[in-house]
Amino acid sequence: MWFLLYPHPRREVNEALVRRAEEAGCSALVVTADSPRFGRRTRDLRNGFDDLPPGCAAENMRDLPGAPPGALTDIPMHPAASWRDFAETVGMTSLPVWVKGVLHPADARLAVEHGAAGVIVSNHGGRQCDTAAASLDCLPAVVDAVAGAVPVLLDGGVRRGGDVAVALALGAAAVGVGRPVLWGLAAKGAAGVREVLRTLLDEYDHTLALCGGRRNADLSADMVVRGDAAW
């Protein structure tokens, strides 16, 4: 279990959240780097969805430093967050600290320089910036920039097992799966999530076999043909 940390403007709040993640048994922290402000999502704006519904709360934000006993702390975005803040988070814990939301190779190199245990190439599901590049299009340059110093994961656009195979062929060590899991949960609860993950694994195994492979390492970038490119 990994904990996704949205950087908070107050250091003491960040540190308290890190301690909670450690005590809960999380094995890694993932710092979100692509949310200096809330995304401008047209449907949410149209429907007036700008907060959790009444009766719902982010319980990990309760009883944090600076708030009255039992009160919730807001989750503001942190537009002034810097790589120095990221390095500060790395220094707060013995857990590996990943950075999520990297699309540019220069940022990937900075992440490694500031102590990242790994990099997650992600465009936040396309929900932060309409003109952001697809994660997959950015993956090869990030893999090259990191040059094996840390693992690189891909998040975004994974809908079938074949998408997993393409990401691994282009250098990802693993992929993150978001929306399909939520769809499975909405349809059938926990059983739906298991079904989605099993289906992805079966599709991936099928694709791997048709590529002539028996293990992840058998996939390579020369198996991926893009646009009008030719072998």
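The points that follow move from the overall fold to the aromatic pairs.

1. The model is predicted. The protein has eight helices and six strands, and along the sequence these follow the pattern β-α-β-α-α-β-α-β-α-β-α-β-α-α. The radius of gyration is 19 Å, close to the 17 Å that the globule rule gives for 231 residues, so the protein is as compact as a globular protein of that length. Its C-alpha trace spans about 60 × 45 × 35 Å along the principal axes.

2. Of the 231 residues, 34% count as buried. Among contacts between residues at least 6 apart in sequence, 61% join residues at least 24 apart.

3. In one of them, the ring centres of tryptophan 2 and tryptophan 98 are 5.0 Å apart and the planes are at 35°, so the pair is tilted. This pair links distant parts of the chain, as tryptophan 2 lies in strand β1 and tryptophan 98 in strand β3, 96 residues apart. Tryptophan 2 is partly exposed at 41% relative accessibility, whereas tryptophan 98 is buried at 8%.

4. Tryptophan 83 and phenylalanine 86 form an edge-to-face pair, with 5.7 Å from centre to centre and 80° between the planes. Both residues lie in helix α3, three residues apart, about one turn of the helix. Tryptophan 83 counts as partly exposed, with 22% relative accessibility; phenylalanine 86 has 4%, which is under the 20% limit and therefore counts as buried.

Definitions and conventions: Residues numbered from 1 in each chain as written. Predicted model: local features only at pLDDT ≥ 70, side-chain atom pairs only at ≥ 80, totals over all residues. Heavy atoms only, no water. Phe/Tyr/Trp six-rings, centres within 6.5 Å; stacked < 30°, edge-to-face > 60°. Helix = DSSP H or I, 4+ residues; strand = E, 2+ residues; numbered from the N terminus. Buried < 20%, exposed > 50% of the residue type's maximum accessible area, 1.4 Å probe, protein only. Rg over C-alpha atoms; globule rule 2.2 N^0.38 Å. Contact = heavy atoms within 4.5 Å.
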